[in-house]
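Thanks for coming. Please have a look at the model first.

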Amino acid sequence: MIKNPLLITLLVFSAVAGFAQHGQWQLAKDDNGVKIYTRRLPNEKFKEVRAIFELNATEDQLTNVLKDIPHHNNWSYGTKKTYVISKRGKDTIVYYSEVALPWPLSNRDLVIELTFRKDTVTNVLHIQAKSIPGTVPHYPDLVRVPYSLATWEVTPLMGKKLKIEYILSADPGGSLPGWLVNLGATVGPGNSFRKLMAIIDKKDRQN
């Protein structure tokens with residue numbers, strides 16, 4: 001039996017902290033209004049990333065930028081090139097994306113199915129960008145991303161504002177160590193969403 005109250009307290013605190021690290025979102029940084037969280041799921045070496053922020057835009061302004069696939073490299077962090085493979089109606093786009101990594105690492109690529117679904121009851125727009133296999137052959141100088149899933153929950157606010165909750169889970173493939181990927185996991189979202197805001201603001205002022 002452990003009789004030391006301080007030791008008991010430390011053991012309980014460690015257990016709770018460990019559970020929080022593996023199951024609950026932890027605020028990693030506030031990047032100019034973009035709050036970025038991470039969490040580690042059991043048996044996963046790569047952390048999930050979550051970003052929450054408000055965007056001065058209409059739903060149409062946001063979706064127009066997201067559907068402009070060839071220009072994703074103007075705002076999506078690390079994106080080198082993108083092109084549309086196919087469209088299924090107005091709410092589903094399948095496209096190819098190559099992501100640049102610094103030397104000596106190999107660039108990554110993947111095929112993404114981008115879907116838009118509006119909940120007519122809550123008025124929330126659900127956007128999903130999920131990697132799909134077997135659409136484009138593997139290129140020998142690139143590493144194919146085995147898994148990537150990004151979701152957007154877009155809620156309209158008073159005035160011309162949107163609340164966005166974005167969650168990304170991915171395996172970049174290859175032999176990248178988990179600690180290295182997790183170290184840079186919070187860099188991309190803040191960079192991407194600040195550029196996204198600037199693009200929408202510029203288009204809004206031009207209209």
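**Overview, pockets and a helix pair**

Of the 207 residues in the protein, 37% are buried, where buried means under 20% relative accessible area with a 1.4 Å probe and protein chains only. This is a predicted model, in which local features need pLDDT of at least 70 and side-chain atom pairs count only at pLDDT 80 or more, while totals for chains, interfaces and linings use all residues. Residues are numbered from 1 along each chain as its sequence is written, and side-chain values use heavy atoms, with hydrogens and water left out.

The secondary structure comes to four helices and ten strands, taken as DSSP runs numbered from the N terminus (helices H or I, at least four residues; strands E, at least two). From the N terminus on, the order is α-β-β-β-α-β-β-β-β-β-β-β-α-α. Take contacts, meaning heavy atoms within 4.5 Å: among those between residues at least 6 apart in sequence, 48% join residues at least 24 apart.

Now the pockets. A pocket here is an open set of points on a 1 Å grid over the protein atoms alone, where a 1.4 Å probe fits, with protein on both sides within 12 Å along at least five of seven lines; lining residues have an atom within 4 Å of a point. Points are joined across faces, edges and corners, and the volume is the space filled by probe spheres set on them.

The largest pocket has a volume of about 1,300 Å³. It is lined by 42 residues, and Y77, V99, L168, A170 and G188 are the closest to its centre. Which element gives the largest share of that lining? Helix 4 does, with five residues. By class, the lining has 29 nonpolar, eleven polar and two charged residues. Nonpolar means Ala, Val, Leu, Ile, Met, Phe, Trp, Tyr, Cys and Pro; charged means Asp, Glu, Lys and Arg; the others, Gly among them, are polar.

The second largest pocket holds about 170 Å³. Its lining has seven charged, two nonpolar and one polar residue. Helix 2 gives the most, four residues, and residues lining this pocket include E59, D60, R117 and K118.

Last, the helix pair. Helix 2 and helix 4 pack at about 115 degrees with axes 11 Å apart; axes are lines fitted to C-alpha atoms over the stretch in contact, and angles run from 0 to 180 degrees between N-to-C directions. Q61, L62 and V65 of helix 2 meet L196, I199, I200, K203 and D204 of helix 4. That contact has five nonpolar, one polar and two charged residues.

How values were computed
Buried means under 20% relative accessible area, exposed over 50%, partly exposed in between (1.4 Å probe, protein chains only).
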